[in-house]
Amino acid sequence: EGFADGLGDFSLNLQGGVDRLSDFGTLTEWSAGLNWNPTERLSLQATYIRNQEAPSLTQLGAPQITEFSQPYFDVTTGQTVLVDVLTGGNPNLLAETQNDWKFSVNWRLPTIAESRINVDYVRNRSSDVTASFPQLTPAIEAAFPGRITRAADGTLVAIDARPVTFAETRADRLSIGFFINGAIGSKPDQPEGEGGGRRGGGNPFGRGNDPRPRYFLSLSHNIELNNEILIAPGVPILDQLDGDATASLGLPRNTSQLEAGLFFQGYGVRVSGRYTGSAFVGGSTLPGSTDLFIDDLATVDLRLFANLGEITGKDEGFLKNLRVSLRADNLFDGQRVVRDSTGVIPLRYQPLRLDPNGRYLGIELRKVF
C-alpha cells in the first residue's frame, strides 16, 4: 500500500504445503508470484511453481492384464501386426517434481464490449515424470529394451505397456487468447423499482434483468516452442517436435480452440471449434521402417437449446429449469489422416479406426430440480 504508486499496483503471493500419503510418502509444494498493474487495463504476472506429484492409484496398482492379438503399427517394420499387450499398474513409479515458470500479460481492450487479450509463456522442467507407455519408435525401443519382445525374424510379438518413468521432460509453450462478451443494442431505460426482461434462472449467461441478446467469443492458440524428453541419463534426448513422438499421433506444434455463443430470452446457440496441427513420427534407417505423417484436423461442434421455463414464463411446475438441446458434434465429419512414407494409410490408422463415431447428432433433455 502506497509503494511506488507512480509505477502502478504491486502484489506478491506465497504459498506452501506438505502432503503425507500413507502408501507413497511425503510430498511438498510451494509457489511464489508477482503481479504488476501499471495501468487499470494492463496487468503482468510472473509465477514460479515447484510441486511434487504422486502417480495415480491406477498407475501404481491397477490389475495387470494381458490383451491378446491387439492390432499395433510397428514403425520399425512398417507393418500392422497383432501383438500381446500387457497393461496395468507399475508399483515402481517415482514421485514427479515439477518446476514451472509462467509469465502472463493481460490487457483489457478499450472498447465498448468487455474484451481482453492474454499472452502466456510457460516454461516447464520436470523430473521423474510418470507417463503412459509411449508410441513404439526405434528410439523408445532402444530406451526400454526389456519392454519389447520380437520373434527371430524381427516381427513384433509383445509389448509391456505399463506406465513408465521419464528422467526429465522439458517444454516451452506460448499461448495467445482473445476473449470478448457483451450485449447487442442499447440497454433500455427501466422505471425505478421495476425489473426488465423475462424471469427464470435457466440461462446462466444472462445479466440480471437485462433483456438484450448477449454473446461471447473465446479464441485461443497454443504454440509448442520446445518439447523434449530425457528417458534416462546417457540416452539421447527425444525431440517430440522433430519426429521422436511418444504419442501415436505425434505432437502437433500448433493447436487452437474456439468457443462462441449467442443467448436471447431462453434461446441459445453455441459453437465450439478445435484445430490440431500436423505432426510427424519418425522411423529409422532400418529396412522396412517408415515415417508417419499426420495431417491437421479442424472440427466444429454446434448446439442449439431452448430453456422452456424461461420461454413460457413459468417459474414453477415441470417446465421450470427444463432445457431441450439439439446437438451436432464434428458437424462436418472431419477425420484425421495418417500416411506412411509411401503415401499409404496403414491399416492401424484407417480413419474409421481412429474415430469410429464421426459426425454425431443428438437430442438432449435436461431438468434441474
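Which side chains does a polar contact of 2.2 Å join? The side chains of N124 and D100. A polar contact here is a pair of N or O atoms within 3.5 Å; within protein, one must be able to donate a hydrogen and the other to accept it, and residues adjacent in sequence count only if both atoms are side-chain atoms.

This is a predicted model, in which local features need pLDDT of at least 70, side-chain atom pairs count only at pLDDT 80 or more, and totals for chains, interfaces and linings use all residues. Residues are numbered from 1 along each chain as its sequence is written, and side-chain values use heavy atoms, with hydrogens and water left out.

Start with the whole chain. The protein chain has four helices and 20 strands. These are DSSP runs, numbered from the N terminus: helices are H or I of at least four residues, strands E of at least two. The radius of gyration is 26 Å, well over the 21 Å that the globule rule gives for 369 residues, so the protein chain is more spread out than a compact globule. That radius is taken over C-alpha atoms; the rule is 2.2 Å times the number of residues to the power 0.38. The C-alpha atoms fill a box of roughly 85 × 55 × 45 Å along the principal axes.

Now return to N124. This residue lies in strand 7 (residues 114–131). N124 is buried, at 17% relative accessible area, because buried means under 20% (1.4 Å probe, protein chains only). The N124 side chain also makes a polar contact with the side chain of S126, at 3.1 Å.

How values were computed: Buried means under 20% relative accessible area, exposed over 50%, partly exposed in between (1.4 Å probe, protein chains only).
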